[in-house]
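Here is my note, as requested, with the points numbered for reference. Please read it alongside the coordinates.

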Amino acid sequence: MARQIRIFDTTLRDGEQAPGASMDMAAKLQLARQLARLNVDVIEAGFPISSPEDFEAVSAIAEETEGPSIAGLSRALPQDIERCWEAVRNAGKPRIHTFIGTSKVHVEKRFGKTEAEVLQMAVDGVALACSLCDDVEFSAEDALRTRLEYLRDVVEATIEAGAKTINIPDTVGYATPWQMYDTISYLFENVPNIDRAVISVHCHDDLGMSVANSLAAVRAGAGQVECTVNGVGERAGNASLEEIVMSLRTRRDEFDADTNIDTREIMTTSRLVSTLTGFVVQPNKAIVGANAFAHEAGIHQHGMIQDRQTYEIMRPEDVGLTESVFTLGPRSGKHGLRARLESLGYQVADEDLAEVYERFVAMADKKKRVYDEDLHVIMRQASTDTVDEFWHLERVQVVTGSSTTPMGLVTLRRNGDTVTAMGTGNGPVDAVYNAILDIVEMELEVADYAVRGITQGRDALGEATVRVRRQDEEAMGQAASLDVIEASAQAFLSAINALLLRDQARRQGEADEDRPDRRAL
Ligand code: KIV
Ligand code: ZN
């Protein structure tokens with residue numbers, strides 16, 4: 001009988017730490033619902049003490065999501081652990097995940113402490129967490145650069161203190177598969193109480209070995225893998241959920257292990273994460289890339305016609321890949337629309353259906369065929385229109401050509417007043433951005449800008465993603481439209497509005513001065 005490996009999804013916590021990947025509350029709830037449909041065992045919903053927004057998001061996910069355990073992250077500090085418990089306590093299955101750095105550089109340089117002092121902090125943190133919650137996980141941050149005998153002592157002591165899951169993170173993506181195998185094997189051989197906990201692994205992809213390292217840990221006996229959808233995460237990202245799950249399923253002969261994941265939900269989840277974060281999946285990405293199941297070469301096509309197994313080790317339908325269907329068009333009704341949206345993970349309240357349908361009809365009239373990606377965009381627009389939007393785009397017009405200086409004319413509305421400005425620039429987008437900056441009177445730098453076609457055909461929707469920088473602060477905006485200039489202007493405005501929203505929160509004293517910097521993890 002194959003071992004069941006638990007899948008601990010950290011897309012909403014470690015994944016969301018990727019620069020530019022932040023999601024608003026509606027997006028996080030939507031993703032949590034989809035992760036439950038994917039049937040992950042644990043959803044790490046956030047880091048409650050890091051900001052009031054994170055606390056609210058973890059609390060809402062804990063209250064609303066059915067099925068998986070809901071974990072919150074906390075440093076091994078009393079105020080973090082108590083705040084984490086407040087956020088997850090209403091979940092059906094709450095989990096506190098507490099951690100502390102155990103490698104020499106963390107112990108000595110980051111904390112200025114001795115190994116014994118850090119071990120005591122870990123034990124105290126776990127004991128406090130266990131007094132609040134039945135399900136406690138402890139992570140020895142930077143475990144793969146931690147002295148092995150010390151790691152053994154930390155693992156033994158935290159199991160003794162009550163942790164039911166012990167996570168061994170390769171925080172900086174430094175490990176090799178054989179080092180990971182040896183480390184996990186060493187712990188199994190040398191920690192006397194190891195049978196009282198599930199051993200978990202959490203790998204980062206700095207050297208591109210995160211999936212291989214996670215699988216090596218499973219082979220050595222790990223019973224939980226921490227990962228993210230599409231591999232999003234800090235720096236080069238985390239181990240990719242879909243690659244781990246499909247490797248275990250496809251090579252069951254090697255691992256004698258499987259997961260509870262409903263693999264047919266993989267594609268929908270991957271597309272949702274891409275839409276919500278704005279991170280495009282590379283075409284040759286394993287499992288979920290556009291080309292992962294495409295066969296171009298004549299010899300391959302010929303072989304596939306004779307027997308699919310010639311060039312296919314997995315069936316596309318097992319990961320939820322179906323022919324892109326366009327069952328929705330101008331004549332589709334509200335019921336058909338709602339059913340399709342539900343299958344994509346959206347719950348539309350009766351009172352919102354009319355507005356969503358209106359947007360759908362407007363798009364269907366212009367496009368004739370409405371694809372799933374279009375529906376994601378409609379739903380994003382519907383949710384962002386209801387959040388505090390300070391500046392609203394009324395109109396944008398450009399004059400451009402090979403022998404003219406590009407000019408952009410923009411009209412924005414705020415609190416009922418409209419303001420118009422004209423800008424010039426090195427291209428039409430630059431001209432429009434200069435006009436917008438003139439109106440909003442802010443000094444900003446564009447750190448990143450990208451446009452891509454997100455649907456099919458010549459009338460595809462163009463999606464613009466912009467990251468803006470104001471001194472040391474960044475914000476991301478994303479928008480889609482049939483007109484890429486309009487999408488670019490909308491995306492720029494959402495980034496500006498995100499900064500204004502933060503200013504407002506600060507003014508209202510909501511920002512917590514003492515909160516830890518998530519990027520320091
Ligand atoms: O990479 C890491 O070490 C982490 C821990 C907090 C588990 O994300
Ligand atoms: Zn991590």
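1. The model is predicted, and side-chain atom pairs count only at pLDDT 80 or more. The remarks below should be read with that in mind.

2. Two packed helices are described by the angle between their axes and the distance between the axes. For helix H1 (residues 25-38) and helix H11 (residues 266-277), the axes come within 10 Å and cross at roughly 165 degrees. The cut-off for roughly antiparallel is over 145 degrees, and H1 and H11 are therefore roughly antiparallel to each other. The crossing of H1 with H11 is left-handed.

3. On the H1 side of this contact are Ala27, Gln30, Leu31, Gln34, Leu35 and Leu38; on the H11 side are Ile266, Thr268, Thr269, Leu272, Val273 and Leu276. Sorted by class, the contact of H1 with H11 comprises eight nonpolar residues, four polar residues and no charged residues.

4. Helix H3 (residues 78-88) takes part in two of the pairs discussed here, one of them with helix H5 (residues 115-132). The axes of H3 and H5 cross at roughly 25 degrees and come within 10 Å. Angles under 35 degrees count as roughly parallel, so H3 is roughly parallel to H5. The handedness of the H3 and H5 crossing is right-handed.

5. Which residues bring H3 and H5 together? From H3 they are Pro78, Ile81, Glu82 and Trp85, and these meet Gly125, Leu128, Ala129 and Leu132 of H5. The contact of H3 with H5 contains six nonpolar residues, one polar and one charged.

6. The other partner of H3 is helix H2 (residues 52-64), with the two axes 7 Å apart at an angle of about 40 degrees. That angle makes H2 oblique to H3. H2 contributes Phe55, Val58, Ser59 and Ala62, while H3 contributes Arg83, Glu86, Ala87 and Val88. By class, the contact of H2 with H3 has five nonpolar residues, one polar and two charged.

7. What are the distances from polar side-chain atoms to oxygen atoms of ligand 1 at aspartate 14 and threonine 171? For aspartate 14, the distance is 3.1 Å. For threonine 171, the distance is 2.6 Å.

Notes: Residues are numbered from 1 along each chain as its sequence is written. Chains are lettered from A and ligands numbered from 1 in the order in which they are written. This is a predicted model: local features need pLDDT of at least 70, side-chain atom pairs count only at pLDDT 80 or more; totals for chains, interfaces and linings use all residues. Side-chain values use heavy atoms; hydrogens and water are left out. Axes are lines fitted to C-alpha atoms, for helices over the stretch in contact, and angles run from 0 to 180 degrees between N-to-C directions. Helices (H or I, at least four residues) and strands (E, at least two) are DSSP runs, numbered from the N terminus. Angles under 35 degrees count as roughly parallel, over 145 as roughly antiparallel, 65 to 115 as roughly perpendicular and the rest as oblique. A crossing is left-handed if the near helix is turned anticlockwise from the far one by less than a right angle, and right-handed if clockwise. Contact means heavy atoms within 4.5 Å. Ala, Val, Leu, Ile, Met, Phe, Trp, Tyr, Cys and Pro count as nonpolar, Asp, Glu, Lys and Arg as charged, and the others, Gly among them, as polar. A polar contact is a pair of N or O atoms within 3.5 Å; within protein, one must be able to donate a hydrogen and the other to accept it, and residues adjacent in sequence count only if both atoms are side-chain atoms.
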